[in-house]
Amino acid sequence: MQDFTDAELDAYILARLRSVGVDLSVLPEDDPEAPADRARILESARRFLRSTPPAIRAFSMEGHEVSPVLFAAPSTAWRRGESS
Amino acid sequence: MSPPGRPFHPERTRDAQDGPSPQDSLIDRKAFLRRMAILSGAASLGPLTTTGPLLASQDSSQEILAGTTRRAGPSARTAPWPPTVAPAASTSASQATDPAELTLVEAATLIRRGHLSPVELVQAYLDRIDRYEGLLQAFNLVLGEEALEAARALERTPLRGPLHGIPLAIKDNFFTRGVRTTANSLIFQDFVPDYDATAVARLRDAGGIVLGKTQMGPLATTRASTPGGERTTVNAWAPFDPSVSPGGSSSGSATAVAARLSSSSTGTQTGGSITSPSMAQGLTGLKPTLGRVSLHGVIPLTYTRDHPGPIARDASDAAVMLQVMAGADPADPRTLGLPQVPDFVQAATPVIRDGEPRLRWPTTIGVIPGYTSPTVPEFAGQWEEALEAREDPAERDRQRERRRRRAAAEAVARGVMLRTMEHLGARVVEVELPADWETLTSREFNNVRLPERSEAFLEFLRRDVRLFGVSLSPWINGLLLSGDEYLRGQRAKQLLLRRVLEDLFAQCDVVVQTAPFPFDMIGLPLIAFPIGTEASAGMERPIGAMLGALPFGEERLLSVLAAYQATTDWHRARPPDPAGEVDPGSGDPGSRAASRGRIDAREVMDLTQ
């Protein structure tokens, strides 16, 4: 996401929000006196997209819990006589 | 302090243990890890299935207040309270002229012995609320008449429980039957629940009196403000300077206790909301292990991270509050299958050996790298970033200088606290942080919590985003994390928990912390407490510290703090009553907040819980 322009990210954010039925157009465009405005919300969302998803994706889980190994298979549970 | 793994004073590790082993030493850590994994999964599935028990049941059915006798000690900060100077003095350490100055345990003891009536106590708090609430704005709603009526009723009844006649402040995200519960949000502005949250019901059943609902950050994010972002609650230590944070989001709960507008209070913590305001206001705040206190009837923020708990004046008060609030609740599966609630009050009772306070159990305190350095790296970057957003260069310089002095004072206080702990018999060791600590505890991995709240509140986001007021951003951002990123983040959280349990706690029993995460990310208990004060710009402000522990390590934390508070008096320090002209203030907190400035957008992101 770091390589995307602000305009590209804004388009992505607004499309995503529209797809789940969330409408930012009810907010003022840019009003520092308002509790929230589109400019601040989009600026925060862009910062979020440029930092959080890349950091999570960059962390290698190789050798760790790549798959949900902590979850006991039903057959294992039966063999141990554990109740469900 | 010793290098990793080597005790500074080896002979002190041979201290005798007092009583049975604490619960944290008996816990099946792998079972806890498994349980947390299932909880993370349940957050996406809805109905929750719990794992088996974590510990064989223990009998701890002791009277809560039994054995709460505290070591009588000098108080340089308060004047004598007459009834406790006589033979009953052994039950009272605080010596106050005003019942509102008594700790919860002291007041409960005096009520039980007939030296103080519930009505007197409630009236004492209402008098202070009349005088100072207009300035402090700790409450959303004061239930004066209702509290007095409850107190009168309690005077006519036998002892209900350990909190008989004790006035309590309840954070406004706990359901209170027949009383508006808003979470300072437009979404809940007219919400009147028809039942009490389980924690509130337990407090009432134990004789507690709900004095009022406290100010908070909207939906438990940020410091207390109106939904529109106007600051409301101020820090009781700096009541005339709204720029000094009261800590969030349980700001009102902390200010109410610090300013003696309430005996103790409830808070909730998703990202520091119990420990941060406690640190900011010289209080003892205990965020228990996930599931120790029921979340039923608490407006949710992040299901896998929401922790109700007490904000109190000292370890004894916190222990009594937690003793009452904790326990299994069929309405909250997170509370089921856990070890039986132990005797927190016993754990919080100081042990005296050879005439000196000592630790109840042999305990190794882990010290993270840089803890006693003037700058804590994981804070510095975020703080600088926030500061750069300020436009006034003079203000930036002033803030930097204030922060530099504060960091220096904190470093000194932390060093003194650790030496005190050693003197009490603790083994203090430097610990190595688990692999990938910086990454896994970063703000980015902390953000993995956000989709849970976005999903839970999606209906309201669709209806009108303006309902979220100043706190909207994290709800929007939570909608932008993809499924694969959320899953990887959850697994990373499990990895962090495993490493904390296996690697960090292989080196120590409790560990100092400088930030609420990761312990609130991974559900482990955390206690905040005062360790000093710092004079700045003519104000004295508390310095706090935090200790984290293993699952169900509340006993251990309370026992360490009991010894510490038996030999220090930082927990007795109270902010002075506001001097000069104080607006008696009544009416809508929003209109009163107008002159206090707003939380700016950057501050919202930095403070969001």
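**Enclosed helix, mixed sheet and chain contact**

Me: How many residues of helix H9 (residues 315-325) of chain B are buried?

Reply: This is a predicted model, in which local features need pLDDT of at least 70 and side-chain atom pairs count only at pLDDT 80 or more, while totals for chains, interfaces and linings use all residues. Helices (H or I, at least four residues) and strands (E, at least two) are DSSP runs numbered from the N terminus, and a residue is buried if 20 or more other C-beta atoms, placed from the backbone, lie within 10 Å of its own, exposed if 12 or fewer, and partly exposed in between. Helix H9 of chain B is largely enclosed by the rest of the structure, because the number of its residues that are buried is 11 of the 11.

Me: Which residue with a positive phi follows H9(B)?

Reply: Residues are numbered from 1 along each chain as its sequence is written, and chains are lettered from A and ligands numbered from 1 in the order in which they are written. The buried residues of H9(B) include B:Ala315, B:Asp317, B:Gln323 and B:Met325. After this helix comes a residue with a phi near 135 degrees, namely B:Gly327.

Me: Which strands stand at the edges of the open sheet of chain B?

Reply: The sheet has 11 strands with mixed pairing, in the order S1-S3-S2-S4-S6-S5-S12-S13-S11-S9-S10, where two strands pair if DSSP finds at least two bridges between them. From one strand to the next, the twist averages 30 degrees. An edge strand has a single partner, so one side of it is left without a neighbour in the sheet, and in chain B this applies to S1 (139-142) and S10 (427-430).

Me: Which residue of S6(B) stands opposite B:Thr268?

Reply: Strand S4 (residues 264-269) of chain B runs antiparallel to strand S6 (residues 307-312) of chain B, and five bridges join them. In this pairing, the residue of S6(B) that B:Thr268 faces is B:Pro308.

Me: What is the bridge partner of B:Val510 in S13(B)?

Reply: Strand S13 (residues 539-549) of chain B is mostly covered, with nine of its 11 residues buried. Strand S11 (residues 510-513) of chain B runs antiparallel to S13(B) and is joined to it by four bridges. Within S13(B), B:Val510 is partnered by B:Ala549.

Me: Is B:Ser536 buried or partly exposed?

Reply: B:Ser536 belongs to strand S12 (residues 526-536) of chain B. Leaving aside neighbours within four places in sequence, B:Ser536 is in contact (C-beta atoms, placed from the backbone, within 7 Å) with B:Arg402, B:Arg405, B:Arg406 and B:Arg541. Because 15 other C-beta atoms lie within 10 Å of it, B:Ser536 is partly exposed.

Me: Which helix supplies the largest share of the side of chain B that touches chain A?

Reply: Between the chains, 35 residues of chain B are in contact with 29 residues of chain A. On that side of chain B, at least two residues each come from H1 (29-45), H14 (443-446), H16 (458-463), H17 (472-478), H18 (483-502) and H21 (601-607). By class, the side has 16 nonpolar, 11 polar and eight charged residues (Ala, Val, Leu, Ile, Met, Phe, Trp, Tyr, Cys and Pro count as nonpolar, Asp, Glu, Lys and Arg as charged, and the others, Gly among them, as polar). The largest share, seven residues, is that of H18(B).

Me: How are H2(A) and H18(B) oriented to each other?

Reply: The axes of helix H2 (residues 38-58) of chain A and H18(B) come within 9 Å and cross at roughly 60 degrees, where axes are lines fitted to C-alpha atoms, for helices over the stretch in contact, and angles run from 0 to 180 degrees between N-to-C directions. A:Pro53, A:Ile56 and A:Arg57 of H2(A) make the contact with B:Glu485, B:Arg488 and B:Gly489 of H18(B). Angles under 35 degrees count as roughly parallel, over 145 as roughly antiparallel, 65 to 115 as roughly perpendicular and the rest as oblique. The relation of H2(A) and H18(B) is therefore oblique.

Me: What percentage of the residues in chain B is buried?

Reply: Chain A has three helices and zero strands, and 19% of its 84 residues count as buried. Chain B, by contrast in its listing of elements, has 21 helices and 13 strands. Among the 609 residues in chain B, the buried share is 58%.

Key. Two residues are in contact if their C-beta atoms, placed from the backbone, lie within 7 Å.
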